[in-house]
Amino acid sequence: MSATYPDDLLYTKDHEWARISGKVATVGITKFAVDQLGDVTQVDLPKEGESVKAHEVFGSVESVKAVSDLFAPLTGKVVKVNSPLNDSPEYVNEDPYDEGWMIQVEMANLDEVKGLMSAEAYAKFLKESAE
Amino acid sequence: MTASQGEPRKTPLYEAHKALGARIIDFGGWWMPVSYPSGIIDEHKACRSAVGIFDVSHMGEVHFRGPRAAEAVQRLVTNAVGKLTDGHALYTVACHPTGGIVDDLIVYRVKADHFLIVVNAGNIAKDVAWFRQNVGTWCDIRDASDETALISFQGPKAQSALAALTRADLASLRAFDFVTDVDVAGVRSWVARTGYTGEDGFEVFCAAGDARRLWDHLVEAASPPGGKPVGLGARDTLRLEARLSLYGNDLDDNTSPLEAGLGWVVKPESGDFIGRDALMAQKAEGPRRKLVGFVMLGRGIARHGYPIHDLAGGAAVGQVTSGTTGLTVEKNIGMGYVPTRMAEPGGKLVVDCRGKMIEAEIVKGPFYQRPREGKK
């Protein structure tokens, strides 16, 4: 079981996380988002080669309750998609930071990383929005 | 009990849900559990395989008493109240003069001069006003919603688990039978063989002040075979698999029972009920649209409000009223209104899932039917 908000990831106010490795960011949704959604039954993602733009919708997650948009944390080209989620959407619930990753983006603008939150800042943001 | 304005209300079991770690949301003016920590899928399966326990205390209970009680109830509802005997209940709707549905209801005949109507939580104020406006002078109408708790106990193990708590002869209760004033775990209760999941099961009424005690006993009794509390999330997936309509989604003031596939609760010969003329006219002409059940053929989940098209494309011809992932049937399922010409089982329609056009096939009857041991 991983940490609730791992320190090596960066976060957005839309409850996505990004793991930065060179020019490539791996993207998924946070434990908080997963808890809000409940059991995920379908994940709709862009195709490899498509572009995504920071703060814009790049896909959607269907849970047993409802459908929710996914917002890209960063701008760039999708270089890899976690296709096992097609058949096993439950990975998002079970392991949101590892098996449940969604897309890898080759970043177009590395400066955008500065706009993301640390784990600590994200936890603080959640605490403040709950109040 | 009524307004969805201001702070939502709590059922007598609110603290029990909190203690179980439920995710609680404002549902039509009530703080209700959507799911408990094990999650909707697990709760759904527990109800299909063992027992699901549901707090439905937000629903309304309205008593009709007096020599003209039967007449008053019949004036309000479309099904044949006159055919009920003591200890039996029926499913029905109350209609406007237009034939639109005021609410869908269960009517219980306690005695010849005492009927209980159980109404949807979101409609309590509307229904009580409607009842009083139309038949308020015919008999005594008392809204007992606040002082009455209701716990639903559903699933293949419901009877055996409940039998451990009561001496009431559960085996002799058939669907829609009920008994009053029986002892369940030391709590004075009414027990009805009714439910909203497609499973066999019971609904237990008790005084609000006794609800927590009864709930705790029911949870304990259900636990050995794998039963557990179930929130509104799985209540919705369970009822939709059984293709039971939800007022506000599939039924409303502008849909008629004939359109909604509820023609079987409309019995024009039973009396001069409100909406009778409109419904008879509609029946003679045939309804212009019908509520159909469909299975998604492509990858997509239909949701309430998504437009429905025919295969030819063009403008939307109807709308999805309910949709979800059918967790037992393992298909994406839904219901929606389409023009009568399209409503044949086996026919295709196209659902606009947020811009993605996904084909679906119309199917007849419930998506899920519980396995039955012979005939009843």
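**Close-up 1. The hairpin of S2(A) and S3(A), with Gly22(A) in its turn.** In this predicted model, the hairpin has 2 residues between its strands, and Gly22(A) takes a positive phi near 65°. Strand S2 (residues 16-21) and strand S3 (residues 24-29) of chain A run antiparallel and are joined by 6 bridges. Look for Ala18(A), whose bridge partner in S3(A) is Val27(A), and for Glu16(A), which stands opposite Ile29(A). Strands (E, at least two residues) and helices (H or I, at least four) are DSSP runs, numbered from the N terminus, and two strands pair if DSSP finds at least two bridges between them. Residues are numbered from 1 along each chain as its sequence is written, while chains are lettered from A and ligands numbered from 1 in the order in which they are written. Because this is a predicted model, local features need pLDDT of at least 70 and side-chain atom pairs count only at pLDDT 80 or more, whereas totals for chains, interfaces and linings use all residues.

**Close-up 2. A sheet of 6 strands in chain A.** S1(A) and S2(A) pair in the antiparallel sense over 2 bridges, and Leu10(A) has Ala18(A) as its bridge partner in S2(A). These two strands also form a hairpin, with 4 residues between them, and His15(A) in the turn has a positive phi of about 70°.

**Close-up 3. Tyr122(A) in helix H3 of chain A.** Helix H3 spans residues 119-130. Is Tyr122(A) buried or exposed? Tyr122(A) is buried, because 22 other C-beta atoms lie within 10 Å (20 or more within 10 Å count as buried, 12 or fewer as exposed, and anything in between as partly exposed, with C-beta atoms placed from the backbone). Leaving aside neighbours within four places in sequence, Tyr122(A) is in contact with Tyr5(A), Tyr11(A) and Met117(A); a contact is a pair of residues whose C-beta atoms, placed from the backbone, lie within 7 Å. Tyr122(A) and Leu10(A) are 112 residues apart in sequence, yet 8.4 Å apart in space, C-alpha to C-alpha.

**Close-up 4. A sheet of 3 strands in chain A.** This open sheet has the order S4-S6-S7, with antiparallel pairing. Strand S4 (40-44) and strand S7 (67-71) of chain A each have a single partner strand and stand at the edges, so one side of each is left without a neighbour in the sheet. From one strand to the next, the twist averages 25°. S4(A) and strand S6 (residues 57-63) of chain A pair over 4 bridges in the antiparallel sense, and Asp44(A) stands opposite Ser60(A) in S6(A).

**Close-up 5. Helix H7 of chain B and what covers it.** Of the 10 residues of H7(B) (residues 232-241), 9 are buried, so this helix is largely enclosed by the rest of the structure. Among the buried residues are Leu232(B), Arg235(B), Asp236(B) and Leu240(B). The cover includes strand S2 (23-27), strand S3 (30-35), helix H2 (40-49), strand S4 (52-55), strand S17 (318-326) and strand S18 (331-339) of chain B. Just after H7(B), you will find Arg243(B) with a positive phi of about 55°.

**Close-up 6. H2(B) packing on H7(B).** The two helices pack at an angle of about 55°, and their axes are 9 Å apart (axes are lines fitted to C-alpha atoms, for helices over the stretch in contact, and angles run from 0 to 180 degrees between N-to-C directions). That makes H2(B) oblique to H7(B) (angles under 35 degrees count as roughly parallel, over 145 as roughly antiparallel, 65 to 115 as roughly perpendicular and the rest as oblique). Ile40(B), Glu43(B), His44(B) and Cys47(B) in H2(B) meet Gly233(B), Ala234(B), Thr237(B) and Leu238(B) in H7(B).

**Close-up 7. Positive phi at Phe176(B) and Arg354(B).** Most residues other than glycine have a negative phi. Phe176(B), in the loop between helix H5 (158-163) and strand S11 (178-184) of chain B, has a positive phi of about 70°. Phe176(B) is partly exposed, with 17 other C-beta atoms within 10 Å. Arg354(B) has a phi near 50° and is exposed, with 12 other C-beta atoms within 10 Å. Its place is in the loop between strand S19 (348-353) and strand S20 (356-363) of chain B.

Definitions and conventions
Contact = placed C-beta atoms within 7 Å.
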